[in-house]
Amino acid sequence: MKIPRAFLRALCLTAFALVAGGALAQQAAVPAPQPKPGQYSEKGADTCLECHADDDGVYSGSALFRSKHALRGDRRAPFGAGGLQCEACHGPGALHARNKRASAIIGFKSTGKATAAERNQICMTCHAGGTRTAWHAGTHERNEVACSDCHQVHRSHGDPMLAKARQNESCLSCHKSQRADFQKTSSHPVRQGLVACSDCHNAHGAGTPGMLARPTLNQTCNSCHADKRGPVLWEHAPVAEDCALCHQPHGSVRSALLVKSPPQLCQACHSTSGHPSVPRTPANLPGGAAGGAVFTVAGSCSNCHTQVHGSNHPSGAKLLR
Amino acid sequence: MNTHPFLHSSVALLAALGVLGAVGPATPARAQVDTSQWKCATCPYPKGSSGAVEAGAVSVSDTSRRFGDYTGLDREGVRGALQAELSHRGDGTWVDLRVGENFDRTLEVRGGVEGVVGLRLDAMEIPRRFGDGARTPFTGAGSDRLVLPAGFAATTTAGMPLATTLQGIGLGYDHRRLDLGASAPAGPFTVTIGARRDVREGTRPIAASFFNTAAQLPAPVDHTTDQFEVAVGYATRDLQARLAWQYSRFDNGSPALVWDNPFDTGAFGATRGRIALAPDNEFQQVSGAAGYQVAPAIRASADFALGRATQNEPLLPTSVTAGLVLPLPAAGIDGRVDTFNGNLRLTAAVPGGVRLVASYSRDERNNRTTVLAWPQVATDLFVSASAPVRSNTPFDEMRDRFRLQADWRRGTLRLAAGLEQDNRTRNYHEAVRTRETSAYARATVAAGEGASLAFKLSYGDRDHDAYGVATWFGTTENTLLRKYELAQRRRTEGSVRGDFAIGDNVALGATVEAGEDEYPATLVGLRGTRRTSLGGDVAWTIDERTRLTAWAQSEAVVSRQAGSQVVAAPDWNARGRDRFDVVGIGVRHALIPDRLDVGADAVISRARSQLRVDTGIGDPAFPVDRMATDTIKVYASYKLSDSVSLNAGLWSERGLARDWRLAGVGPATLPNLLAFGLQPADYRVYVLRASVRYRF
C-alpha cells in the first residue's frame, strides 16, 4: 500500500515548522516551577504527614500509600529511590510547612491558585507518554481541563477514573447530554457500569473527532463488534464508511441504537422503483386498507433484508441471504 | 503493503526531532535535592492483607427479560450476591482485587512487583436479553439448524399449526470477557503486552425471506474474538514514542443457519433456506505515536496506524435448493482491506496569550478484494431474472482533515475559534468527492468566583462534485435522491452553558443546545433535522451529613425526508418528532453519624416519538410511540462495629412502552410474516438486597 504523499509532505512541513517556530515560542512559555535548593522540606513526606494524615472519607492523605504513586520499589514513582515524595507533585514544601498556607505550595484543587496548565505540566513531567501523547492538541487540554479535575489520587477509595463502574460518573458530571443519552431506550451498558467511557474514548487526546480510542470510529466499534468487521463479499456502503450513519452509540429512543427506524431510515438512501420508494402510512398497519404490513411492523425492512451489515453469501447482493 | 517509505520517513523525523532536542532549548533540569534523610518513617504504608467482603442475597420479584438486559436479573427468585475488595502488600509486591463492584459479574485484579512488572486481569459478563414474549415453532434454537414440526408448511400463517407448536423462547446471549495484560519498565522503555478474549454464546433475533414471505428466526451466537497487543513505549522528559502491533481474530462457530421454510412455495420447492452468518476474519495493525516538546511552548505529535483486515472463508453454495447450485468464480473472496490512519499535530503558544493548534489527518480504507461476477439466486427460489449476475463492490474511502484552532485568554475571558476542512473521496458512490468546511467560535466568561458562562457557535458547509448515478447498483436509484452522507449540507449548532456556585455548598449548571442540518439540494431523501436540548443540574451539600443532587434534560429532534413512489419528483414526505425527557434526583444522608447512612436515587425518563407520512391525501399520523422508565433505588448501611456493617437496598423499576411496530403483532398477525411476537416493554420489578459487610 502506498503511503500517501500528502501525508509525507505534511510530515516534512511539520518538521520545518518546528525548527522555525522554536525561537518565537520561547517567550510565551508557561514557566515551569523552578525549585531552588533549601526550599524543600527537611524530612519529605514525614514533614507533610505531621498535618496531612487525615482521612475524612473523601480526601485521604493515607490513601496515596495504597496507590502506584507511593511504590518504593519503582524508581519512576515519587516515592521511589531518590524521589521527591509529596513534593514531586506539590513542589517545594518548606515554606508551606512553616506558614501552613495553601498559597505557599502547589495545590491541585480546581479552586486553587495554580492554573490547569500549571497543574497539568506537573503531571506531564512523568505521564506525558502513552495515551497522553496527543494531550496537547486534545479538546480537554484546550478547554483547560486539569488532570486533577478527573483523577483523584488522594481519594479514600482510590482514583475513580481507574475503576470502570465509577469512571463514568466522573465523565458524565460534565458531559451531561451523554448522561441523558445513556438513559434512553437503547444504549451501551454505561449506566450499569459494564462499559466505561474509556472503552471507546481516549480522554487524554486523540486525532479522531470525539477523541476515540482507536484510529477511526469503525475500528473502535469493531474492537468489540468484530462480527461486523468483514471484509465480506457484499458490503453495505454506510457500514464500511461509518457506523454512526445509522447508529447513535450513546443512546437512542429506538431499538438497536438506531438514529431512525426503518423504513424511513432505509428510505433516506434508497428510492428505486418498487417497494423501496413506496410510502408507508398507518394504512399499512395490520388490518389496514393498504396491506403491506410486513414493510412496516416487526423488523420492517429487516424482516427480509436482515443482513444490513453486509453478507458473505454468494447470492447475498440484496442483503437477503 | 509497502510500508518502508513511511517508516523511513518517520524514523528520519524522529531522528531530526532528537537532534533538535539535543541542540534546542531544553526544559529546566531538576534541582539536586538531598533526600537522604527522607526516611518516610511515618508513611502509612499498608502491610499484609486488608479489604472487605460483602455477602448476602438478592431477591428479584418478577421475571422480565427486558429488565434483565445488561443486569442479568431476568428471573424471579433469590440468588446469592458477593462483592469484595482485597489488597495485599508484600515486600515489593502488591495485589488489589475487586469482585462484583455493583454486585455484577465483574472481576478486576491489579498487581505486580514494584518497579519490575505490573499485571492486570479483568473478567466480566454482560448479559443481553432481547425482550419478552418471543415465541417460535422452530426447534433447535441456538444451533445452526432450525427444524419445524409436522404440519408445516402453509401458504399463510393462518394455515400453520401454531396453536400446538409455538413455544416460548428466551432470545439473548451472554458476553464474557477475559482481559490480561502486563507491563514492565526498562529505563526509558516500557514493554506492554495484552491479550483479550470475548465470547458470546446464545441466540439473537434475525429474519429471512422467500421472496414475499418472511420468518423471524433465532440465529445462533457462537462468537469468539481474540485480540493481542505488544507495544514498546519510550518516554523521556521531552520525547515520547510508542510502537505497537495488534492482532485480532474473530471466529464464528456457526457460519450459516439453515431453517425449514414455514411457507409453502409451491412449484419452487424451496423447503429450506440458508443464510450466511458473519464469517471468520482477522485484523492486524502496526501503529506508532510520538510526541516531542520542541520548546516550552511548542509541542508536536504524530501517530500512524497501518492495518489489514482479511477474510477468506469457504463460500456457501448459491442456494440450498437442489437445482439452484450454480458455479462460483471462486471458492472464497480472499477479502483484504488495507487501512492507513495518520495524524500530525502542532501546538504553539505565541506572544499575546494566543495558543495555536494545527492538525492534519489522513484516513484511508482500501478494499483490495477482487471484483468478480457472482450468480444470484433470489432467496433460494429462482435465479434472479433482473440481475442473474452481480459484481461485488469493494468500497474504498479516503479522508483528509485539516484543522486550525486558536485560543486566547485574558483574565476572565477566554476566546476560541477554529476552522476545519474535511475532504473525502469514495468509489462506487454517486458523488466521488465531498468537501466540508466548518468554522466555530467559542467564548467563556468567568463571572465572579464560581460562575462561568460559555457560548459556542459553529457552522459547516458541505458540497460535492457531480452527483451522478451509482451504476453498479442493481436497480437505478431515483436521480433526485441525495444520500445524506454525500448530499450538500449546512450544519449550524449553538450552545450556551452556565455554571454557578452559590457559596461553598451549592453548584448549579444549565445548558441550552440547538442544532440544525439542512440539505438544500435534496429533493428526495433526508431534507433536514433540527435538534434542541435543555439541561440543568444542581448539587447541594446541605450540611456535613446530607448531600442532594438533581439533574434534568429535555431533548427534541425533528427530521424531514421526502420520497417518490414514481421514482421522479417527490410525492410524499415524512416528518418524525422525537422527544426525550429525563429527571434524576439523588440524596445521601448520615442519619446517625458514623453509624447509619441512607440514600436514594431516582431517575424518571419519558421518550415520545411520532411519525407522520403524508402522501397528499391527509394521511393520519402513526400512533405515538412511548417509553416510560421509572427507577428508584434506596439503600441503607448500618455500622455494627468498625469491622461489620449491615447493608440493605431496594431497587424498583417500572418500564412501560408503546410501540406500534410491536404491539399486537403476534406470530400469525401478518399472513406472510411468521413473527416472534415480541411485545413492547411492560414490567415492574423489585430487587431487594440484604448483605453483611466485613472489613479486615
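Of the 696 residues in chain B, 36% are buried, where buried means that 20 or more other C-beta atoms, placed from the backbone, lie within 10 Å of the residue's own. This is a predicted model, in which local features need pLDDT of at least 70 and side-chain atom pairs count only at pLDDT 80 or more, while totals for chains, interfaces and linings use all residues. Residues are numbered from 1 along each chain as its sequence is written, and chains are lettered from A in the order in which they are written.

The C-alpha trace of chain B spans about 95 × 65 × 55 Å along its principal axes, and the chain holds three helices and 36 strands, taken as DSSP runs numbered from the N terminus (helices: H or I, at least four residues; strands: E, at least two).

Three of these strands form an open sheet with mixed pairing in the order β7-β13-β14 of chain B, two strands being paired if DSSP finds at least two bridges between them. Its edges are β7 (145-146) and β14 (272-276) of chain B, each of which pairs on one side only. Strand β13 (residues 256-260) of chain B runs antiparallel to β14(B) and is joined to it by five bridges; Asp260(B), for instance, has Arg272(B) in β14(B) as its bridge partner.

Between the chains, the contact takes 124 residues from chain A and 172 residues from chain B, with residues in contact if their C-beta atoms, placed from the backbone, lie within 7 Å. On the side of chain A that touches chain B, α1(A) gives the most, with 14 residues.

Conventions
Buried ≥ 20, exposed ≤ 12 C-beta atoms within 10 Å, placed from the backbone. Contact = placed C-beta atoms within 7 Å.
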